[in-house]
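Take a look at the model below.

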Amino acid sequence: MKKILSLLPLFLLLFSACSSDSSDNDNSSKISTLKATINGVEKNFNTVSAIRDSDDYYDEVYHVTASINNNPNEMITFKFYPENLGATYYFQSSFMYIKNTNNYSSTGSTLNLVLIDTKNKTYKGNFSGKVVGVNGTNGSVTITNGSFEIFY
């Protein structure tokens with residue numbers, strides 16, 4: 001009995017060390033979010049997916065799609081490269097804002113993104129700028145205070 005009681009603290013220490021290590025990197029229960037102020041109206045995009053891929057220049061690129069309550073009538077799509085941590089990335093044609101049948105793109109615009117964190121299986125970034133109408137959509141949309149937190 002004394003042997004069991006003397007080994008109990010060792011087993012408890014070992015068990016607690018293992019359980020805390022595994023929970024630090026478990027983001028399965030966390031919900032990715034994207035927020036932005038679009039033409040002065042704050043929006044919270046709560047349905048966010050990020051698909052990992054590669055392209056001709058980078059081994060790792062994420063394609064992000066965000067909507068509000070999974071409604072396809074208002075969406076933001078873009079891609080980012082984790083290798084660009086801390087640098088300002090000027091979207092060339094990868095950012096789209098879709099509102100009903102209107103499509104706005106970063107092509108020829110001034111939209112930019114700064115990836116600010118890639119720790120603990122989480123990507124965080126900020127974005128802002130102007131997107132312009134494409135595919136028959138006229139005008140432009142100004143996006144400010146854009147931010148995202150994506151768990152993978």
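E74 is buried, because its relative accessible area is 9%. Buried means under 20% relative accessible area, exposed means over 50%, and partly exposed lies in between (1.4 Å probe, protein chains only). This is a predicted model, where local features need pLDDT of at least 70 and side-chain atom pairs count only at pLDDT 80 or more, while totals for chains, interfaces and linings use all residues. Residues are numbered from 1 along each chain as its sequence is written, and side-chain values use heavy atoms, with hydrogens and water left out.

What does E74 pair with? E74 forms a salt bridge with K99, and the closest N and O atoms are 3.4 Å apart. E74 sits in strand β5 and K99 in strand β7, so this pair ties together parts that are 25 residues apart in sequence. K99 counts as partly exposed, because its relative accessibility is 29%. A salt bridge here is a side-chain nitrogen of Lys or Arg within 4 Å of a carboxyl oxygen of Asp or Glu. Side chains of opposite charge can pair when their charged atoms come close.

E74 has another partner. The side chains of E74 and K43 meet in a salt bridge of 3.1 Å, N to O. K43 lies in strand β2 (residues 41-45) and E74 in strand β5, so the pair ties together parts that are 31 residues apart in sequence. Both E74 and K43 are buried.

Now move to another pair. E149 and K124 form a salt bridge, with 3.6 Å between the closest N and O atoms. The two are 25 residues apart, with E149 in strand β11 and K124 in strand β10, and they link distant parts of the chain. E149 is partly exposed, because its relative accessible area is 26%. K124 counts as partly exposed at 29% relative accessibility. Salt bridges that share partners join K43, E74 and K99 into one network. The count by this rule comes to four salt bridges.

Step back to the whole chain. How many helices and strands are there in the chain? There are one helix and eleven strands. Helices (H or I, at least four residues) and strands (E, at least two) are DSSP runs, numbered from the N terminus. Along the sequence the pattern reads α-β-β-β-β-β-β-β-β-β-β-β. The chain has 152 residues, and 36% of them count as buried.

Next, the inside. The largest nonpolar core has 24 residues. Those with the most contacts inside this core are L34, F78, F80, F95, Y97, I143 and F148. The elements that give two or more residues to this core are β1 (33-38), β4, β5 (71-80), β9 (112-117), β10 (122-134) and β11 (140-151). The largest share, four residues, comes from β11. A nonpolar core is a set of buried Ala, Val, Leu, Ile, Met, Phe, Trp, Tyr and Cys residues joined through side-chain atoms within 4.5 Å. In soluble globular proteins, nonpolar side chains tend to be buried together.

Turn to the surface. D53, D55, D56, D59 and E83 gather there in a patch of negative charge. Patches are made of residues with over 30% relative accessible area and no salt bridge; like charges are joined within 9 Å, and nonpolar side chains (Val, Leu, Ile, Met, Phe, Trp, Tyr) within 5 Å. D56 lies in the loop between β3 (47-53) and β4 (61-68). D56 counts as exposed, because its relative accessibility is 76%.

Two asparagines come next. N69 is in the loop between β4 and β5, and N70 lies in the loop between β4 and β5. N69 has a positive phi of about 55 degrees although it is not a glycine. Phi of N70 is near 60 degrees, also a positive value in a residue other than glycine. Most residues other than glycine have a negative phi. N69 is exposed, with a relative accessible area of 58%, and N70 is exposed at 57%.

Finish with two further loops. T101 lies between β7 (96-99) and β8 (102-105). T101 is exposed, because its relative accessible area is 69%. The C-alpha atoms of T101 and G136 are separated by 9.5 Å, though 35 residues apart along the chain. N138 is found in the loop between β10 and β11. N138 is exposed, with a relative accessible area of 69%. N138 and N102 are 36 residues apart along the chain, and their C-alpha atoms are separated by 8.4 Å.

Terms used
Areas by Shrake-Rupley, 256 points an atom, 1.4 Å probe, with all protein chains shown as cover. Lys, Arg positive; Asp, Glu negative; His and termini not counted. Charge placed at Lys NZ, Arg CZ, Asp CG, Glu CD.
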